[in-house]
Amino acid sequence: MLSRLPSQLLALVLTLCLAFHANAQGAAPNQPVSFIHDIAPLFKENCFGCHGAKNPKGKLDMTKIETLRKGGTKEDPIVDGKPDESHLIDVLKATDASRMPPRETGAPLAAAKIALVERWIAEGAKVDQGVDAKADLMKELRKRWSPPSLLNQYAFPVSVTALAFTVDGKQLVTSGHHELCVWEVETGKLVKRVAIRSRRAMALVFLPDGKLVMAGGRPGEEGDVSVYDLSAPAAKQENGVAVLNGVSDPKVLVKRLLEADDEVECLSLSPDGKKLAAGGCDRLIQVWDISGGIAQAKLTDTIENHADWVFAVAFFPDNNRLASASRDKTAKVWDLKAKESIATFPEHQNPVFGVAVKADGSACYSVGDDKQVRSWNLTGDQGAKQVLAMGGAGGSVLKLVQHGKEPWLFSAGADMKIRQHDRDKGNQIRELAGHKDYVLSLALNPTGEVLASGGWDGEIRLWNAKDGKLIRLFNASPGLKVSAPAAKP
Ligand code: HEC
């Protein structure tokens with residue numbers, strides 16, 4: 001999404017270290033090659049992007065053993081026991097245009113990886129017991145993956161990609177590395193850690209009953225929408241901090257609403273509390289009816305209205321229309337009753353990261369890579385017409401929140417500042433400066449008095465929403481040893 005250094009690099013290094021640690025790959029020389037542990041991950045990483053279940057290239061769907069062995073436009077690309085006669089090996093080793101992955105997408109597979117596939121075929125192209133030929137391999141791989149245990153002390157700051165105040169406003173939940181952290185607003189003290197499967201939370205929304213809905217995932221690997229009960233008993237206490245197991249304790253992880261093949265980016269709860277919407281990297285927006293409680297949640301709509309990742313969703317006050325923002329450079333409005341798209345707002349002409357709807361439904365607001373906050377209404381040709389453009393930002397605007405009572409919008413992003421705008425007049429009321437890195441997340445407390453912002457460098461700042469004064473700041477990386485800027489890896 002964004003190209004920058006160095007904290008992104010640090011995050012990457014951290015991730016890679018953990019990935020290697022969690023998932024030591026490559027079959028031992030004296031052991032037969034395992035399809036599900038050695039070959040399927042390699043296919044997933046290098047082939048599934050084009051040979052997925054939807055519109056596979058060459059008509060070859062590699063995500064199931066059955067469809068892989070059926071072949072695409074040609075026959076079965078594998079001859080058991082005979083790598084030299086297998087088309088699959090031909091394309092991996094080819095030096096002409098038939099090479100896979102295709103030349104224009106980069107380097108060929110490493111020789112050691114090709115050798116591993118050859119060895120698997122030479123050994124009979126066997127599939128591990130318990131893996132059905134019809135099974136979705138993405139799901140099979142997810143089943144076999146488990147998150148790393150919580151880091152006692154973060155070596156590098158964690159990016160704060162999501163924030164939410166508890167219903168009583170006394171605590172703030174932040175996204176950590178495979179965890180959610182709960183901080184006391186009054187003191188900035190860490191009081192609770194909840195281990196989760198997702199590498200990072202991208203959106204957090206509290207339900208009126210106090211349960212927390214999280215959307216997140218591991219980019220390019222998996223995504224989920226999960227519901228946690230933060231009041232459930234702790235698995236243990238560590239340095240006076242309660243540690244909850246949100247990975248496998250059903251008292252903590254009370255519901256998994258969605259499992260996806262890529263990260264889920266956003267959530268919105270309808271004003272009447274009866275519907276929940278989520279959107280993500282699979283371009284889809286899913287809507288659940290939660291009027292009977294979250295345990296009885298029913299998926300009612302799967303909306304395919306965007307051509308690229310969905311970064312934000314927001315319900316209209318009528319609970320029946322849904323605004324969304326996408327990497328496809330548009331914001332859109334979907335009518336849940338008519339089941340159709342009713343407006344497309346194209347003015348950003350760049351990825352759109354955030355969207356909000358005015359409390360009376362008369363206007364929408366969106367922010368994007370074009371450094372603008374734009375307000376628009378549901379008139380005009382494509383059903384959406386710009387009313388105001390609010391400039392002033394020095395970089396991509398990544399987040400937008402609307403005040404519940406005052407006519408204020410808060411926007412923030414790559415220029416490390418938060419801007420408070422008058423949503424009706426379009427003027428900037430003030431700038432909240434102090435962050436030393438991208439601002440990735442924003443949240444208002446339930447009374448609208450406190451604004452929280454989270455940065456790429458793990459810094460949390462709490463501001464008085466009325467006058468923009470800083471109330472408190474702390475780093476959301478538990479036990480962080482190195483303070484930002486972190487040491488070079
Ligand atoms: C960037 C997209 C892309 C990636 C990544 C990719 N492929 Fe392909 N693949 C194609 C296209 C396009 C075709 C069709 C080529 C043609 O018909 O000339 C194809 C065709 C094939 C075929 C022939 C299928 C048939 O029956 O016609 C095989 C086998 C194959 N790919 C294997 C792989 C493997 C194995 C990988 C991963 C190591 C891979 N591909 C990665 C785009 C891709």
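## Strand β17 and its neighbours

Two strands count as paired when DSSP finds at least two bridges between them. In this predicted model, β17 and strand β18 (residues 340-345) are joined by five bridges. The two run antiparallel. Lys332 has Thr344 as its bridge partner in β18.

On the β16 side, five bridges link strand β16 (residues 321-326) to β17. This pair is also antiparallel. Here Ser324 has Lys332 of β17 as its bridge partner.

## Two hairpin turns

β16 and β17 form a hairpin with four residues between the strands. Lys329 in this hairpin takes a positive phi near 75°. The hairpin of β17 and β18 has four residues between its strands. In that turn, Lys339 shows a positive phi of about 55°.

## Burial of β17

Why is strand β17 largely enclosed by the rest of the structure? Strand β17 spans residues 331-335, and four of its five residues are buried, so the rest of the structure largely encloses the strand. Buried here means 20 or more other C-beta atoms within 10 Å of the residue's own.

Methods
Residues are numbered from 1 along each chain as its sequence is written. This is a predicted model: local features need pLDDT of at least 70, side-chain atom pairs count only at pLDDT 80 or more; totals for chains, interfaces and linings use all residues. A residue is buried if 20 or more other C-beta atoms lie within 10 Å of its own, exposed if 12 or fewer, and partly exposed in between; C-beta atoms are placed from the backbone.
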